[in-house]
Amino acid sequence: MSIQTGRDVHAADITDDDASVQRTTIYVYEAPVRAWHWITALAITVLIVTGYFIGSPPLSVPGEASDSNLMGVIRFLHFSAGYVLAIGWLARIYWAFVGNHHSRQLFMLPFWRRDYWGGVLWEATWYAFLRTEPKKYVGHNPLAQFVMFTVFTLGMFFMIATGFALYAEGTGLDSWQYALFGWVFDIFPNSQSVRTWHHLGMWAFVTYTILHIYAAVREDIMSRQSMISTMISGERMFKDNRDD
Ligand code: HEM
Ligand code: HEM
């Protein structure tokens, strides 16, 4: 192994008074999970921005009306990102069956395990700055898993079902979108209600994204284990706790 000095270094060269320490890393997130994460993050960003403008369209655009297809472009981007999101979600569900243990965390809540809820509470106090030493987890921490399952996973099924139901209003009663998602209109009193709930879902995803990015950056700095680079390389690096 070669370091800044340019000379070859072997484990035996590292002495007690050396500032270097050994770290443990564990391979957690496989490539398909990582690729899916970043593609989905991008798709959801596009869906939020374009969805917002579908709900609150710009009042006027400059130039000849016939030269402009602004809302057409916004809707096209929304539907394209919607397809990317839905196909990616199907692939992610498939990967939960064939991938490693951690790829299933997103779809399962250990609801009946007492120690799991203890972990959720513990993490809540850690996030509230009431603890000084972090706990380490190979996969998601219990609180992260709770929010990911209840807001993200359930939210994805909801947004995809209501989104494709609204899409079926354009493609018609004999379309596959209506055959698969037409039942959504049997649950809600009318089409406007589906639209309003789909819109409300956007704000759930906006809130999730803000908290999620805050938590990822915060834990990267404070929890003495790697976070953001873990979603890039797949490897979680553990550093010692200050008391260890
Ligand atoms: C700059 C933006 C983002 C960063 C830095 C980021 C970072 C991360 C990190 C570090 C993890 C792993 C957490 C852990 O190991 O416990 C993760 C997981 C996850 N993120 Fe993000 N994320 C971003 C954007 C998003 C967005 C926009 C969404 C969706 C709204 C999202 C949804 C998820 C989900 C569902 C997981 C769990 C993945 C799984 O178990 O398969 N992320 N993210
Ligand atoms: C997290 C994902 C999504 C978000 C945040 C989102 C957001 C939105 C918002 C805010 C609106 C405007 C509602 C209103 O009129 O006030 C909308 C409309 C719509 N969305 Fe989504 N959406 C998502 C996923 C999808 C998916 C997967 C599809 C499926 C193709 C889809 C299809 C539609 C359709 C067809 C409309 C109505 C368009 C129109 O009337 O011009 N959405 N979306």
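View 1. Residues 28-234 are 70% helix and 0% strand, with end C-alpha atoms 6 Å apart. UniProt, in an unreviewed entry, lists this stretch as "domain: Cytochrome b561 bacterial/Ni-hydrogenase". Its positions follow the numbering used here, the feature name is shortened, and the annotation may be inferred rather than shown by experiment. Helices (H or I, at least four residues) and strands (E, at least two) are DSSP runs, numbered from the N terminus. The model is predicted: local features need pLDDT of at least 70, side-chain atom pairs count only at pLDDT 80 or more, and totals for chains, interfaces and linings use all residues. Residues are numbered from 1 along each chain as its sequence is written, chains are lettered from A and ligands numbered from 1 in the order in which they are written, and side-chain values use heavy atoms, leaving out hydrogens and water.

View 2. Helix 1 has 25 residues, and its end C-alpha atoms are 36 Å apart. Buried residues (under 20% relative accessible area, 1.4 Å probe, protein chains only; exposed is over 50%, partly exposed in between) include Trp36, His37 and Gly51. The buried residues of helix 1 pack against strand 1 (24-27), helix 2 (70-98), helix 4 (142-171), helix 7 and helix 8 (230-233). Contact means heavy atoms within 4.5 Å.

**View 3. Helix 2 and its partners.** Helix 2 has 29 residues and reaches 42 Å from first C-alpha to last, close to the 42 Å expected. Among its buried residues are His78, Trp89 and Arg92. The buried residues of helix 2 pack against helix 1, helix 4 and helix 7.

**View 4. A nonpolar patch on the surface.** Val49, Tyr52, Phe53, Phe158, Trp197, Leu200 and Trp203 form the patch, with about 670 Å² of accessible area together. Areas come from the Shrake-Rupley method with a 1.4 Å probe; for residues, only the protein chains shown count as cover. Patch residues have over 30% relative accessible area and no salt bridge; nonpolar side chains (Val, Leu, Ile, Met, Phe, Trp, Tyr) are joined within 5 Å, like charges within 9 Å. A salt bridge is a side-chain nitrogen of Lys or Arg within 4 Å of a carboxyl oxygen of Asp or Glu. Helix 1 (31-55) and helix 7 (191-222) each supply at least two patch residues. Trp203, in helix 7, is partly exposed at 41%.

**View 5. Two loop residues with positive phi.** Phe129 has phi near 65°. Phe129 lies between helix 3 (114-127) and helix 4 and is exposed, at 54% relative accessibility. Arg224 has phi near 60°. Arg224 sits between helix 7 and helix 8 and is partly exposed, at 21%.

Methods:
Expected span 1.5 Å × (residues − 1).
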